[in-house]
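Thanks for coming. I have one model to go through today, so please look at the sequence and the structure while I talk.

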Amino acid sequence: MLHQLRNRNFYLMVSGDMVLFVMAHAGAYLIRFDFKLTAGILNQILSLLPVLVPVKTVTFLSLGLYRGMWRYSSLSDVWKLLKATILSSLVIVSVILFLQHFHGYSRGVFVIDAGLTFLFTGSLRIAVRLLYHEGFLKKTKRPDIASRSR
C-alpha cells in the first residue's frame, strides 16, 4: 500500500472514481425525479456527498480495486467492483437508516446510484484497458541495444 502512495497514477485512479461517485449520485437523483430537481433535492444531494464519497472510496480501497493496473483489468476485477459497489451502497443505506430513518429519502435513488456507480467505474476501467490494447496510452518504446550499435 505504501508504494502506491508514491505513484501518481494511484491518485488519478482514486480521483477519477471519486468524480464518478458524485456523477452517479447526482445521476441517480436526476433519473429518479425525471430530471426535475427542486431546491430540497439539491440540498439532499449535497448533504449526502460528504458521507457517500468517503464511504465508497474507503470500500473500493479496502477491497483492493486500486492495487493493480487498470490496463490489465479482468473479470475478477469486475467481480471485485461489483462487491465493492454493493457493500458501499449497503453501508450508505445503513448510515442513512440509522441517522435519518430514511425520512425524506427515496429508496430508489440508492438502487440507481449503485447501478450507475458500477456502470461508470467499470466503464472507466474498460476504457483504460481498451486504450492500452489499441496502443493509445502505451509509452514510447526505447530502441533496443542491437539497433543502437549500428
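Which helices do the buried residues of α1 pack against? They pack against α2 and α4, where contact means heavy atoms within 4.5 Å.

Before going further, a word on the source. This is a predicted model, in which local features need pLDDT of at least 70, side-chain atom pairs count only at pLDDT 80 or more, and totals for chains, interfaces and linings use all residues. Residues are numbered from 1 along each chain as its sequence is written, and side-chain values use heavy atoms, with hydrogens and water left out.

Back to α1. Helices here are DSSP runs of H or I with at least four residues, strands are runs of E with at least two, and both are numbered from the N terminus. For the 25 residues of α1, 1.5 Å a residue gives a span of 36 Å, and the end C-alpha atoms are 36 Å apart, which agrees. The expected span is 1.5 Å times one less than the number of residues. The buried residues of α1 include F10, M13, D17, H25 and Y29. Buried means under 20% relative accessible area, exposed is over 50%, and partly exposed is in between, using a 1.4 Å probe and protein chains only. After α1 comes D34, with a positive phi near 50 degrees.

Now the charged pairs. How many salt bridges does the structure hold? There are three, a salt bridge being a side-chain nitrogen of Lys or Arg within 4 Å of a carboxyl oxygen of Asp or Glu.

Take D17 again. D17 pairs with R125, and the closest N and O atoms are 2.8 Å apart. R125 lies in helix α4, residues 107–134, and D17 in helix α1, residues 8–32, so this pair ties together parts 108 residues apart in sequence. D17 is buried at 0% relative accessible area, and R125 is buried at 5%.

The next pair is D113 with K56, at 2.7 Å, N to O. D113 is in helix α4 and K56 in helix α2, residues 39–62, so to speak distant parts of the chain, 57 residues apart. D113 counts as buried at 2% relative accessibility, and K56 at 0%.

The remaining pair is D77 with K80, at 3.8 Å, N to O. These residues are three apart in helix α3, residues 75–100, which separates them by about one helical turn. D77 is partly exposed at 22%, as is K80 at 27%.

That is the tour; I will take questions.
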